[in-house]
Amino acid sequence: MKIQEVIVVEGKDDTKRIKMAVNADTIETRGSAISDETLDQIAELQEKRGVIVFTDPDYSGEKIRKTIREAVPGVKHAFLKRKDAVPDHQGSLGVEHASPEVIREALKNLYTEVPDAPAMISRETLAAKGLINGPAAKKRRELLGEILNIGYTNGKQLYKRLRLFEITPGDFEDAMQKVEQQMENGDQHEK
């Protein structure tokens with residue numbers, strides 16, 4: 001699988017894992033404190049070839065996404081499910097722990113940010129669906145993020161990500177039906 005865009009990853013181990021899965025060029029941020037020089041390179045690459053941000057499904061990865069999103073609007077995003085980024089032994093979640101199959105799947109489910117997209121799903125809808133507050137809100141958001149392939153978010157980030165990636169009400173409702181089914185099945189397993 002050949003990827004035209006340049007994939008933004010956090011470090012060398014991520015690059016090695018990406019290259020095991022696909023034929024692609026990468027640029028490494030070397031942590032969450034991205035230098036202005038690296039941001040300039042990402043902006044230039046976005047203009048020439050396009051960029052896919054593919055960071056770890058953790059706080060640092062989200063910080064990197066936000067920094068790039070603010071500096072280079074319109075980049076594409078690939079997301080890993082947290083369960084697919086768990087190390088075999090010790091360490092933190094990371095792209096470097098994902099299987100080549102999971103990486104290829106994430107790269108097939110890309111989202112392109114549309115910074116000025118109108119919100120199609122209201123905050124009120126998110127609250128009514130139990131995604132913002134309540135005892136199971138975090139779990140619901142986690143499941144929704146996995147089903148839509150948009151990563152895990154807190155309530156505020158969820159609203160923004162649904163808008164930025166132009167998730168339609170139809171896609172949202174379909175995903176929420178799956179969330180409800182999984183929540184019910186999970187409750188049955190716990191009894």
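This is a predicted model: local features need pLDDT of at least 70, side-chain atom pairs count only at pLDDT 80 or more; totals for chains, interfaces and linings use all residues.
Me: Let's start inside. Which residues of the largest nonpolar core touch the most other members?

Reply: The general idea is that in soluble globular proteins, nonpolar side chains tend to be buried together. Here the largest nonpolar core has 20 residues, and those touching the most other members are Leu126, Leu144, Leu148, Ile150, Leu162, Ile167 and Phe172. Helices H6 (137-148), H7 and H8 (169-190) each give at least two residues to this core. H8 supplies the largest share, five residues.

Me: Okay, now charges. How many salt bridges does the structure hold?

Reply: Side chains of opposite charge can pair when their charged atoms come close. This structure holds 10 salt bridges. Asp13 is partly exposed, at 47% relative accessibility, while Lys16 counts as exposed at 55%.

Me: What does the salt bridge between Asp25 and Arg49 tie together?

Reply: Their closest N and O atoms are 2.8 Å apart. Asp25 is in strand E2 and Arg49 is in the loop between H2 and strand E3 (51-53), so the pair ties together parts that are 24 residues apart in sequence. Both partners are partly exposed, with Asp25 at 34% and Arg49 at 27%.

Me: And where do Lys139 and Glu142 lie?

Reply: Lys139 and Glu142 are in helix H6, three residues apart, so about one helical turn separates them. Their side chains form a salt bridge at 3.6 Å, N to O. There's also a network: Glu62, Arg65 and Arg161 are joined by salt bridges that share partners.

Me: Which residues gather in a patch of positive charge on the surface?

Reply: Lys66, Arg123, Lys156 and Lys160 do. Take Lys160, which lies in helix H7 (residues 155-164). Its relative accessible area is 36%, so Lys160 counts as partly exposed.

Me: Last one: the backbone. What is the phi of Arg30?

Reply: Most residues other than glycine have a negative phi. Arg30 isn't a glycine, yet its phi is positive, about 55°. You'll find Arg30 in the loop between strand E2 (23-28) and helix H2 (36-48), and it counts as exposed at 62% relative accessibility. Glu166 also has a positive phi, near 50°. Look for Glu166 in the loop between H7 and H8, where it is partly exposed at 37%.

How values were computed
Residues are numbered from 1 along each chain as its sequence is written. Side-chain values use heavy atoms; hydrogens and water are left out. Patches are made of residues with over 30% relative accessible area and no salt bridge: like charges are joined within 9 Å, nonpolar side chains (Val, Leu, Ile, Met, Phe, Trp, Tyr) within 5 Å. Accessible areas come from the Shrake-Rupley method with a 1.4 Å probe; for residues, only the protein chains shown count as cover. A salt bridge is a side-chain nitrogen of Lys or Arg within 4 Å of a carboxyl oxygen of Asp or Glu. Lys and Arg count as positive and Asp and Glu as negative; His and the chain ends are not counted. The place of a charge is taken as NZ of Lys, CZ of Arg, CG of Asp or CD of Glu. Helices (H or I, at least four residues) and strands (E, at least two) are DSSP runs, numbered from the N terminus. Buried means under 20% relative accessible area, exposed over 50%, partly exposed in between (1.4 Å probe, protein chains only). A nonpolar core is a set of buried Ala, Val, Leu, Ile, Met, Phe, Trp, Tyr and Cys residues joined through side-chain atoms within 4.5 Å.
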